[in-house]
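The sequence and the model are shown first, and a description follows.

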Amino acid sequence: VELLVHRVSYLSSSLLRVIFGFRKIQLEANPTVQKNILKRVERIVFGSEGITAAEAAEKSDLKRLVRRSYAQYLAQESMHESKLIWILSNIAYIAALPALIVLVLLKSIKFFLFAGPTEAKKDYLCVNGRGKLKAYAEEIFNQRSFECVYPREMVLFLDGWLFFLITIAVYPRLLFAPRLLCNYLRWLSYFSAFVKRHEPKSILTFFEGVPCSSMITAYLRFKGVKHINAQHGELFAWDASTAFAEFDQFYVWSRYFREIMEAKHCRAGKFVEVAMPEHSELYQARMIKKDRLRRRLLLPLQPSLALSPECLSLIQSVIESLPDSWDVMVRPHPADLTNVKQVVRELRLFIKEHGLRHRVMMESPRKTGLVESLKRTEVVIGTFGAVMLEGWLAGCKIIHMPYLVHPSTVMERYDSSPNVVYIDSATTPDRIREFVCTAPVLEGAEDERVRYLFSTNLIKISARSRVYEG
């Protein structure tokens with residue numbers, strides 16, 4: 001049933017994206033267009049006086065948070081390139097909302113009639129606690145016992161239904177936002193179950209990109225629970241999809257990312273710059289020379305990368321430019337739906353046809369952790385994603401390709417780093433070969449920039465870790 005609810009609330013937009021091939025305009029647009037999206041949304045939701053003045057005059061904390069969710073929803077709706085796509089998507093969500101309400105009611109009745117024993121109380125919960133989020137939880141909760149929970153059980157009690165209706169009553173514009181209502185009702189029923197089962201004091205999420213995040217913060221405050229959010233991978237300046245969200249605490253990698261979120265009107269009772277243990281490990285690996293028997297290029301796949309002929313052509317150009325005896329590791333994204341094996345086959349065929357001596361292999365995230373993979377890697381090639389930044393942190397050379405994200409948005413954070421290059425169809429093989437074969441610069445301004453982006457100034461690096469092997 002939960003899987004059906006997930007599909008009902010999200011399948012419509014995903015299916016339309018596949019059928020009509022539309023893309024997220026705020027990712028590929030330049031920063032000026034992105035800023036204009038946020039300004040327009042701010043004017044629509046908060047009036048000509050702006051968000052700061054409007055919230056200062058607002059007496060209802062619930063209405064203030066609902067307006068933030070509505071603003072984030074409108075910003076995300078600006079992704080649609082076509083009015084037709086927007087209309088069809090909303091029709092699908094209008095049809096899905098009654099079905100979702102019925103399903104939540106049925107699940108709630110089932111819980112009342114057949115619920116098992118209440119689970120042990122846990123002061124701290126981590127929603128979808130896998131990978132990075134679990135590492136965050138271990139760091140944030142500081143060895144205190146926490147429980148990893150998953151959005152499977154949907155229960156909405158009388159107070160939950162009343163809160164849902166009051167939310168609409170204080171801001172009736174929600175009735176004209178079917179996607180936001182579906183998103184809100186689904187997550188409200190999940191969090192209602194979490195609170196009922198465990199009676200927590202704090203809940204940790206990756207939620208800055210979820211449009212109902214501020215309304216969930218309002219619900220958790222109503223239940224006396226603190227809503228903590230942790231940075232979900234890299235955050236882009238002026239990316240509208242993560243604007244306007246509010247949490248009780250927001251953990252970010254560094255001051256750089258905190259300033260990005262504040263510029264997009266995100267708010268938290270407290271922003272916390274936290275140095276992740278895996279980032280400390282990568283930074284220490286950066287400061288050590290590693291001898292490799294074979295050179296290694298890592299290709300981390302993002303969803304839809306395998307469907308981009310332009311990206312595949314650029315990857316082939318890079319492989320052709322490499323000196324002999326390189327290992328090319330194709331690593332799928334944890335949420336990747338593309339045919340990774342097909343990418344590997346195409347690259348192997350390309351190498352065979354051109355008489356190259358490289359090896360292409362698929363690297364499983366389940367068998368090889370990302371930190372361990374980056375430690376053994378010399379060059380990372382990809383489009384965007386946290387792995388590109390973390391590879392830079394580990395001292396790898398980084399090759400960015402054009403796809404969705406505007407070049408100025410991607411390259412700004414590196415501040416003209418000699419270890420990063422942006423390539424397109426006009427980049428010559430000689431330029432690629434020169435970049436790959438040049439040793440990375442790890443000291444001076446480069447080291448300072450890395451520390452600025454990753455809060456490595458908060459990590460105590462031992463003297464031993466600075467010693468170069470050999």
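## A first residue

Is Ser280 buried or exposed? With a relative accessible area of 11%, Ser280 is buried, where buried means under 20% relative accessible area, exposed over 50% and partly exposed in between, using a 1.4 Å probe and protein chains only. Ser280 belongs to helix α12, residues 277-286.

## Basis of the model

The model is predicted: local features need pLDDT of at least 70, side-chain atom pairs count only at pLDDT 80 or more, and totals for chains, interfaces and linings use all residues. Residues are numbered from 1 along each chain as its sequence is written, and side-chain values use heavy atoms, with hydrogens and water left out.

## The chain as a whole

The protein chain contains 19 helices and twelve strands. Of its 470 residues, 55% count as buried. The chain exposes about 21400 Å², of which carbon and sulfur atoms supply 56%; accessible areas come from the Shrake-Rupley method with a 1.4 Å probe, and for residues only the protein chains shown count as cover.

Leu100 is in helix α6, residues 83-114, and counts as buried at 1% relative accessibility.

## Packing of helices α5 and α10

Two packed helices are described by the angle between their axes and the distance between the axes. For helix α5 (residues 61-77) and helix α10 (residues 213-222), the angle is about 155° and the axes are 7 Å apart. Axes are lines fitted to C-alpha atoms, for helices over the stretch in contact, and angles run from 0 to 180 degrees between N-to-C directions. The two helices are therefore roughly antiparallel to each other; angles over 145 degrees count as roughly antiparallel, under 35 as roughly parallel, 65 to 115 as roughly perpendicular and the rest as oblique.

On the α5 side, the contact is made by Asp61, Leu62, Arg64, Leu65, Val66, Arg68, Ser69 and Gln72, and on the α10 side by Ser213, Ser214, Met215, Ala218 and Arg221. These residues divide into five nonpolar, four polar and four charged. Here Ala, Val, Leu, Ile, Met, Phe, Trp, Tyr, Cys and Pro count as nonpolar, Asp, Glu, Lys and Arg as charged, and the others, Gly among them, as polar.

## Salt bridges

Side chains of opposite charge can pair when their charged atoms come close. The structure holds 25 salt bridges, each being a side-chain nitrogen of Lys or Arg within 4 Å of a carboxyl oxygen of Asp or Glu. One of them joins Arg68 and Glu246, at 3.2 Å from N to O. Arg68 is in helix α5 and Glu246 in strand β5 (residues 246-252), 178 residues apart. Arg68 is buried at 3% relative accessibility, and Glu246 is also buried, with a relative accessible area of 3%.

Arg413 and Glu234 form another salt bridge, their closest N and O atoms being 2.9 Å apart. Arg413 lies in the loop between α17 (407-411) and β12 (420-422) and Glu234 in the loop between β4 (226-230) and β5, so the pair ties together parts that are 179 residues apart in sequence. Both residues are buried. In a further salt bridge, Asp327 meets Arg359 at 2.9 Å, N to O. Asp327 is in strand β8 (residues 326-331) and Arg359 in strand β9 (residues 359-362), 32 residues apart. Asp327 is buried at 8% relative accessibility, whereas Arg359 is partly exposed at 39%. Salt bridges that share partners also join Glu55, Asp61, Arg64, Arg68, Arg221, Glu246, Asp248 and Arg267 into one network.

## Positive phi values

Most residues other than glycine have a negative phi. Phe244, in the loop between β4 and β5, has a positive phi near 75° and is buried at 0% relative accessibility. His265 has a positive phi of about 65°. The loop between α11 (255-263) and β6 (267-273) holds His265, which is partly exposed with a relative accessible area of 22%.

Conventions:
Helices (H or I, at least four residues) and strands (E, at least two) are DSSP runs, numbered from the N terminus. Contact means heavy atoms within 4.5 Å.
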